[in-house]
Amino acid sequence: MSDYDVIVIGAGNGGLTAAAMLAQNGLKVLILERHNIPGGSATTFCRGRFEFEVALHQLSGLGTAEQPGPLRSLLGKLKVLEDLSFVEMTDLYRVFIPGKLDLTLPTDRAGVITTLQSRFPREKEAISKFFDLIYSYAIELYSFFRESNPSSGQFPTLKRYAFKNAKEVLDQFFTDPLLKAVLGSYWSFIGLTPDRLPFSYLAICFFGYIEMKPCHIKGGSQSLSNAILNRFLSWGGEARFNCGVKKIMVEKGSVKGVVTEQGDEIKSKFVVSNASKISTFVELLDPEYIPHEMLFDMRGRTTSPSGFCLYMGLDCEPGELGINAATNFILPDEDISGKHFNGIKTLDTKNNAVAFSCYDVADPEFSPPGTCQISLVTLKYAEPWLRLPPTQYAREKYRCAEAMILQMEKICPNVRAHIEEVEVATPLTFMHYLGTPEGSVYGFEQYMKDTLFFQAPRISSINGLFMAGGWVADCGFEPTLKSGTSAAGTILRQLK
Amino acid sequence: MNPLLNREHLPLAQSYVSSNKINKGDTMKEACIKEFENYNDVVREIEICRKYGRDYTIEKGMVEKFINRLHPAQMKLKVADVIAETSSASTLRLVSENGYLPPFQAGQYVSISLEAGGIRTSRPYSISSPPNQTGYYDLTIKRVEDGLISNHLLDHVKRNDFLTCSGPTGNFYHNPLFHSRSMVCIAGGSGITPFMSMIQEIADCGLNLNVILLYGNRTLEEAIFHNRLNAISNRFNNIRYYPVLETPPKGYKGYTGFITAQLIKNAVGDPTDKTFYICGPQGIYDFCIPELTQMGVLKKKIRTEVYAPSSELITDQPGWPKNVNSDDQFKVKMNNGKTFSVRAGEPLLKSLEKNGIVVPSQCRAGQCSYCRVKIVSGKVFQPEGTPVRRSDSRFGYVHSCVSYPLENLEILI
């Protein structure tokens, strides 16, 4: 009856790990991907002599071979570790606030604390205590979710801090606004200013990156996508590229298969959708089958920002420009009150908080000898870009890119003279390649009401329909890779 | 980016579907969470957000509509006119039936998909009309010896016919972020088309850019757009046009011969602070890039339209194995079981198309990676410098438009 045991829609991180794990367990699996290459966001592209990393800035959860983190274990189970090399980054990040501060945090707990203490000696004690809190919070959080019979008395830190935002906690501990800005600067990667960012996320970022170290992948994230696909194929999986799906067929409350954009009907009792949750339910299902509880849940959620990025190939080594950290935040000022949230909403990039990664700092082989590449990012909602008349698109793109380069020149005055290649991606570019509503790069936003303790339903009322990817729960490489194996695990349990 | 937890045991509190509650532990967790400080505030927020939230069903189809304004995967355009340019070149003027054409940057191309001589294939053509002309795209096509598709388009396409093409694409354009305001354009033959677009835009829109155009042809009669370029260059101080003739008539006073370093120096003066753009047949790149390098022009200041070494000369490329001749035949086995023979001197993409296998392609010069296929076994030759992703090379993916079989192959598409 069925053509395949499982059809996976989309070869992003979640689709790939789901497909690989299912094929590894002997199921007949088909991946349908509308692009010509696997990976989704986990990809690279070439311009001139550069191969640009699109999305990965700091890979979390790896740990070391001796003390593997959850991601290393996952990749090990999928037999792709032997195909990959990882590079541990030497810094957590560098924060630069023009005229006020330039500080690089190392990746170990003691180093972070002493670096901060020597720059902010008056708050010495508070700094130690803050990291104590981060650790006890993260540890309680992990055990809370592992505990089968929890009682609130076991989790005093969670009880107090689970529903606090990052700003509240920073204000409680510190007085110097610069120090708060340094500790809050991950917000510019996540897209929620510290007054909106759940403290949970800040705690997990620090704990996760300090304990398991931020990493990068040799050859960029495409290596990971290609390696997983390669294993999948070796286990008998089939993949069709340039083949989008236009419909998920449902009959009597159960999945029946899919219809491709070319009009082929392919039958299967299980479908894992790595498309956005909104596309899966709104675009791919006929209206009469859209599960009510999904719409009800999504109704209260908002889509995360997209991004405005410059991928720059420079004809010099990072040291020549004074770039000595792989991850860098350039903040316009020390404000953590939410003022900069407006900067995410505008078209203009002038004076935005920007982040840039220079992978070559950690891995001199990342770009050709004597060169380096920079991925310069600011998060942006797509809305103003959607309103822009198409004829003005190129002009605005360059105007905004120009403002980004000016931001970067505050830290590397000579950067422009070294540009050999540059490609600009706007929210419309992300929308084009990812197909996500409003070019969203992180799925739904992760406000307090959306995260951790308030998970959306993972299982829809349609039998056989599963989801993987950044819209399921949390976004980022580690969570999306994990989402795929979780979906695969559920299918395997159902089939037993 | 944000590292997160291994949370296999979710869903948790506030999983609004009762069937989601898997075990007693989850209920216990819910009870705990309810005791966390500020819990009631968050729950109230969820309720409010749902009450005033967004109905995503009304946005059905929106993503595609927005994308199609800029990057439609495919367009069906009508030939509104066929305009003779020279004895060997004509312009196809393409319009959209609904009146809308996506914008492009002067210098970009579209890839035409068509069937000619029983073969389904595609070819890229630069748009020669300027981006400010939003009513049509002009594709100017020159007759070439053995040019299957160009000649087909010239001989068989008439007014009111329809052509299928990609949205505008390509990376050959003036990039204001790091290119100089002084542009030196070097064109040969039909390589004038992207420059015609750029020059008209600069003239029409009064852009603050200077252009010096060196345009090589055998004779003046073959120089496409010669009269229009002359007229523009006479009228605008920032645009200078120099035809360069290989076989000039007696007494011709303009530039003649090859576009050498000396000729460029004479026309351009000091090359510093100028960006050079080259577009034309392979010979022009092979000749002009070393000339520019010899003048001290940095490689990053030389921008080239994508081009691949011609198939006729492929065996002369560095790295081509001596024991393989271009007429050698090899067997190809596809993943669907189909087998056929291919010639070493023919790009794999062409051989696949000849055997009825359509691989999506755009630039057909090794750059865009659209036509990437996996070589499961066997070896192919790809010219040095083909920009293949490192991990693609590692796992056997090649850009089939510039891959030449050197052994029997097994291919996965």
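In strand S7 of chain A, A:Leu105 is the residue opposite A:Tyr93. The model is predicted: local features need pLDDT of at least 70, side-chain atom pairs count only at pLDDT 80 or more, and totals for chains, interfaces and linings use all residues. Residues are numbered from 1 along each chain as its sequence is written, while chains are lettered from A and ligands numbered from 1 in the order in which they are written. Helices (H or I, at least four residues) and strands (E, at least two) are DSSP runs numbered from the N terminus, and two strands pair if DSSP finds at least two bridges between them.

**Sheet and hairpin in chain A**

- S6 (residues 91-97) and S7 of chain A are antiparallel partners over 6 bridges.
- They belong to an open sheet of 7 strands with mixed pairing, in the order S7-S6-S14-S15-S16-S13-S17.
- S7 (101-106) and S17 (419-425) of chain A stand at the edges with a single partner strand each, so one side of each has no neighbour in the sheet.
- From one strand to the next the twist averages 15°; angles run from 0 to 180 degrees between N-to-C directions, and axes are lines fitted to C-alpha atoms, for helices over the stretch in contact.
- S10 (residues 245-251) and S11 (residues 254-260) of chain A also pair in the antiparallel sense, over 6 bridges, and A:Ile248 has A:Val258 as its bridge partner in S11(A).
- The hairpin of S10(A) and S11(A) has 2 residues between the strands, and A:Lys252 there takes a positive phi near 50°.

**Domains of chain A**

- Chain A is divided into domain 1 (4-85 + 220-301 + 445-495), domain 2 (105-211) and domain 3 (305-437); the bounds come from an automatic or database domain assignment.
- The C-alpha centres of domain 1 and domain 3 of chain A lie 28 Å apart.
- Their contact takes 14 residues from domain 1 of chain A and 16 residues from domain 3 of chain A, where contact requires C-beta atoms, placed from the backbone, within 7 Å.
- On the side of domain 1 of chain A that touches domain 3, S4 (50-53) and H11 (277-283) of chain A are the elements that give two or more residues, and S4(A) has the largest share, 3 residues.

- H16 (residues 427-434) of chain A packs with H3 (residues 62-70) of chain B at an angle of about 115°, their axes 10 Å apart.
- H16(A) and H3(B) are therefore roughly perpendicular (65 to 115 degrees).
- This contact is made by A:Leu428, A:Met431 and A:His432 of H16(A) with B:Val63, B:Phe66, B:Ile67 and B:Leu70 of H3(B).

**Sheet in chain B**

- Chain B has an open sheet of 6 strands with antiparallel pairing, in the order S4-S3-S6-S1-S2-S5.
- S4 (119-126) and S5 (137-142) of chain B are at the edges, each with a single partner strand, so one side of each is left without a neighbour in the sheet.
- The twist averages 40° from one strand to the next.
- S1 (residues 75-84) and S2 (residues 89-96) of chain B pair in the antiparallel sense over 7 bridges, with B:Val79 opposite B:Leu94 in S2(B).
- H4 (residues 148-156) of chain B packs on the sheet, touching S2, S3 (109-116), S4 and S5 of chain B.

Technical notes: Angles under 35 degrees count as roughly parallel, over 145 as roughly antiparallel, 65 to 115 as roughly perpendicular and the rest as oblique. Two residues are in contact if their C-beta atoms, placed from the backbone, lie within 7 Å.
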